[in-house]
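Subject: Structure handover

Hi,

Here is the structure I promised to pass on. Please open it first, then read my notes below.

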Amino acid sequence: MDKYNLYEKIILYLGILVFMTFILLPFVEMFYASLRPLDHLFRSPYQFYSDDLSFWAYREMWKTVPMLPRYIFNSFFLASVTSLITLLFVIPAAYSYARFRFPFKNSSLYILLAINMFSGAVLLIPLYKVLRTFGLLNTYQAMIVPGVAFLIPTAIWLLKSYFEKIPIDLEEAAFVDGASRVQILRHIIAPLSTPGLVVVGIYAFIGSYAQQFLFAITFNQKKEYMPIPSGLYEFIGYTTVKWNEMMAASLVGIAPVLIIFLFLQKYIVAGLTSGAVKN
Amino acid sequence: MKQKLKSYNAQTYLAYALIAPAALYIVLIVAWPLLETIRLSFTNSSLAGEDYVGFENYQKMLSSKKFNGIVTRTFVWMFFSVSLKLIIGLIGAVLLNANLKGRSIFRVLVMPPWVVPIAIGMLGWLWLYNGYFGIIAGVGMRTGILDGPFGFLAYKQSAFISTIIADVWVGTPMVTVFFLAAMQGVPRDLYEAAYCDGASRWDRFFKITLPQITPVIITMSLLSAIWTFNSFEIIWILTEGGPRGATTTLIIDTYKQALGNYKFGRGAARAVVVMILLTLFAGFYLALLARINKKISHE
């Protein structure tokens with residue numbers, strides 16, 4: 001019943017072609033533009049063919065965007081610190097939700113879900129004032145602190161579902177045999193939940209890497225602390241944008257998350273969809 | 001032994017202690033700012049200081065024609081964006097669910113717009129939309145649809161449509177992936193039984209697949225409505241809300257008032273409107289989720 005005749009196959013592949021073109025065209029065109037010399041890009045109407053493709057822009061961009069290495073470092077640094085702090089807060093909370101029954105358990109879980117729906121934009125005003133009062137504007141903290149808050153809810157939900165998969169009998173048996181809670185944590189829960197922790201950690205990393213714009217342009221004006229997106233955004237306002245270099249730099253900025261994701265997409269997608277599809 | 005186990009599983013104070021750090025963090029960084037926003041909306045707060053002004057911000061806001069236009073525009077923008085995401089996402093999921101060679105590769109290739117930082121994706125779209133040198137204008141000129149360079153982001157209507165398309169590009173992969181996951185969860189024997197009864201492919205889709213994944217479709221509609229409503233980076237990078245306000249949605253307007261002009265009070269009043277609308281959405285969503293969960297646990 002899953003067999004298609006030739007006619008159906010052609011239609012399906014055509015559909016996939018159109019769909020994939022929509023999804024991938026921006027990336028393909030970004031890459032193509034990054035390989036072309038600037039005077040080929042600045043021809044109107046658009047020239048589809050260039051004969052002298054090169055990685056020249058990937059060398060020149062470091063001169064045009066002198067702070068680029070710093071932006072790349074900042075993006076990694078911000079994403080790593082943000083996801084580590086998120087894990088620190090989320091691990092105990094998720095464990096508690098997975099194992100204990102207590103009043104307000106379900107309602108607080110739903111409140112967490114609701115928080116996911118508030119964009120950072122609503123909270124910017126008070127956060128701006130607080131950060132200003134404490135002298136934290138234009139620092140790394142200004143981007144990390146709100147970043148963590150918006151990763152906690154989903155991370156708790158995700159990690160909770162991993163903890164729930166660890167059979168409670170194991171813990172109970174150890175407890176009856178006299179193991180302490182700390183020992184149980186170290187010898188039973190920690191090893192069994194490593195895959196889950198990795199997935200949630202990666203979720204937090206990709207999430208914080210992706211959210212580096214709103215907080216970054218609002219709370220930080222200092223170039224030294226800018227992550228890639230806000231650093232590159234500054235160049236777009238210039239009258240002559242060197243598009244080939246800009247696209248090259250953008251792709252370099254995208255590459256790390258894309259690579260991590262491609263290697264681990266199976267686990268991440270399974271984790272994220274299991275929550276919403278099966279609940 | 002039972003007694004001991006009971007003590008292991010029913011330590012409420014421990015449960016709360018483990019949650020406390022995360023809860024405290026959320027209260028400080030999310031809940032308190034929400035309340036503070038409400039308070040600020042009744043003041044004329046700016047960098048200079050603040051005074052209590054009652055409902056003045058709200059009165060000014062609600063009586064301004066511009067603001068009413070922004071609210072309408074937000075919902076129109078949202079309606080088109082969400083509908084397109086759902087329709088394209090559903091078609092995409094059907095295509096990627098078909099038993100074809102290479103589908104596992106396509107399933108991975110669909111995801112990049114979802115994973116990549118939105119801001120960087122938008123830098124790419126800025127280039128695509130370039131009126132003189134961009135590929136879209138280029139195709140338009142070469143096919144004769146356009147009779148010259150055309151700045152897609154420079155005119156009111158085309159900017160409105162262009163921002164929607166970019167938003168659909170960002171949001172579709174996630175919708176597709178969730179629909180696909182739901183389709184794969186439909187029990188196979190349902191299809192086999194229908195196939196034996198001679199149901200056509202079309203029938204099987206409309207009478208089995210679609211009803212089976214309806215809960216996910218509804219959930220995704222609400223979720224993507226919420227995310228679309230919140231969409232900031234896409235519009236900000238492409239048009240900053242322009243030209244002449246044509247793409248200024250509520251979120252963009254809130255941001256401009258608050259942090260473009262440092263009129264915190266006025267910005268806060270807009271943020272409160274956003275909050276109220278989001279609370280309504282979230283309420284719908286949670287009520288729905290509770291109902292779906294109940295149904296599942298009954299079955």
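A residue counts as buried if 20 or more other C-beta atoms lie within 10 Å of its own. It counts as exposed if that number is 12 or fewer, and as partly exposed in between. Keep this in mind for what follows. Also keep in mind that this is a predicted model.

**Helix α7 of chain A**

Start with α7(A). This helix covers residues 141-165. Of its 25 residues, 21 are buried, so by the cut-off above the helix is mostly covered. How far apart should its ends be? At 1.5 Å a residue, the helix should span 36 Å. Its end C-alpha atoms are 35 Å apart, which agrees. The helix does bend, by about 35 degrees at A:I152. A proline, A:P153, follows within four residues.

**The nonpolar core**

Next, look inside. The largest nonpolar core has 159 residues. Those with the most contacts inside it include A:I152, A:L159, B:M122 and B:F179. Which helix gives the most to this core? It is α7(A), with 16 residues. The domain assignment of chain A gives domain 1 (6-57) and domain 2 (67-236). Both domains give residues to the core, so the core lies between them. The C-alpha centres of these two domains lie 37 Å apart.

Now pick out A:L159, one of the core residues with the most contacts. Leave out residues up to four places away in sequence. A:L159 then touches A:V90, A:I91, A:A94, A:G196 and A:V200. A:V90 is also on the list of core residues with the most contacts.

**Where the chains touch**

The contact takes 81 residues from chain A and 90 residues from chain B. On the chain A side, helix α12 (residues 243-277) gives the most, with 15 residues. By class, that side has 66 nonpolar, eleven polar and four charged residues.

**Helix α6 of chain A**

Helix α6 of chain A covers residues 124-133. Its buried residues are A:L124, A:I125, A:P126, A:L127, A:Y128 and A:L131. A:T133 is in this helix too. Is A:T133 buried or exposed? A:T133 is exposed, because 9 other C-beta atoms lie within 10 Å. A:T133 and A:E164 are 31 residues apart in sequence, and their C-alpha atoms are 42 Å apart in space. Just after α6(A), A:G135 takes a positive phi of about 65 degrees.

**A lysine in chain B**

B:K85 sits in helix α4 (residues 65-97) of chain B. It is a charged residue by class. B:K85 counts as buried, because it has 27 C-beta neighbours inside 10 Å. Setting aside neighbours within four places in sequence, B:K85 is in contact with B:V168, B:G171, B:T172, B:V175 and B:S224. B:K85 and B:I165 are 80 residues apart along the chain, yet their C-alpha atoms are separated by 9.4 Å.

**Two positive phi angles in chain B**

B:R244 is not a glycine, but has a positive phi of about 45 degrees. B:R244 lies in the loop between α12 (233-238) and α13 (250-260) of chain B. With 10 C-beta neighbours inside 10 Å, B:R244 counts as exposed. B:Y262 is not a glycine either, and has a positive phi of about 55 degrees. B:Y262 is in the loop between α13 and α14 (264-298) of chain B. B:Y262 is partly exposed, with 15 other C-beta atoms within 10 Å.

Best wishes

Methods:
Residues are numbered from 1 along each chain as its sequence is written. Chains are lettered from A and ligands numbered from 1 in the order in which they are written. This is a predicted model: local features need pLDDT of at least 70, side-chain atom pairs count only at pLDDT 80 or more; totals for chains, interfaces and linings use all residues. Helices (H or I, at least four residues) and strands (E, at least two) are DSSP runs, numbered from the N terminus. The expected span of a helix is 1.5 Å times one less than its number of residues. The bend at a residue is the angle between axes fitted to the seven residues ending there and the seven starting there. Two residues are in contact if their C-beta atoms, placed from the backbone, lie within 7 Å. Domain bounds come from an automatic or database domain assignment. A nonpolar core is a set of buried Ala, Val, Leu, Ile, Met, Phe, Trp, Tyr and Cys residues joined through C-beta atoms within 7 Å.
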